[in-house]
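Have a look at the model first, then read on.

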Amino acid sequence: MLIRSFEEHDRLPLRDLYLQTRLHAWTWLDSSAWRPEDFDSVTKDEQIWVAEEDGELLGFASVWVVDDFLHSLYVAPAHQGKRVGKALLEKVQAEFVSHGTLKCLVKNVSAFEFYQRHGWLVESRGDSEDGEYYLMGFGG
């Protein structure tokens, strides 16, 4: 598996991966307004890392570099549990300048457990339009 920087030709397949992964993972939310193009606004001006194997895109992570904020980490449902998320997370963590942070929805139990297994700690809780979240931190 290769972890590499986003290239423009990744956009269309990552749009689909983003939408399908959200539909698979966030079943408690109203998804009627979700579109593949949401990927563009969610990752705007962020560093995007792509997991690829044999030409297939397996997942991606996007980081707001200015704040070492992991904004998105998505692995295609068919590739979850195959160390793709771990590889992306390790790449992101290696790029942090100081203390990394992320928000994880409380109802996204599998993601929360994943981040905890990889050394992320809950720093606080908050509310968003998608529901209650944990603010988690790593390193620094």
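Glu 53 sits opposite Glu 56 of strand 3. That strand (residues 56-64) and strand 2 pair antiparallel over seven bridges, where pairing takes at least two DSSP bridges between two strands. Strands here are DSSP runs of E with at least two residues, helices are runs of H or I with at least four, and both are numbered from the N terminus. The hairpin linking the two strands has two residues between them, and Asp 54 takes a positive phi near 50° there.

This is a predicted model: local features need pLDDT of at least 70, side-chain atom pairs count only at pLDDT 80 or more, and totals for chains, interfaces and linings use all residues. Numbering starts from 1 along each chain as its sequence is written, and side-chain values use heavy atoms, leaving out hydrogens and water.

On to strand 1 (residues 2-5), which runs antiparallel to strand 2 and is joined to it by four bridges. Here are some facing residues:

| Residue | Opposite residue in strand 2 |
|---|---|
| Ser 5 | Trp 49 |

Strand 2 (residues 47-53) is largely enclosed by the rest of the structure, because five of its seven residues are buried, meaning under 20% relative accessible area with a 1.4 Å probe, protein chains only.

Zooming out, the open sheet has seven strands in the order 1-2-3-4-5-7-6, with mixed pairing. Strand 1 and strand 6 (121-128) are at the edges with a single partner strand each, so one side of each has no neighbour in the sheet.

Conventions:
Buried < 20%, exposed > 50% of the residue type's maximum accessible area, 1.4 Å probe, protein only.
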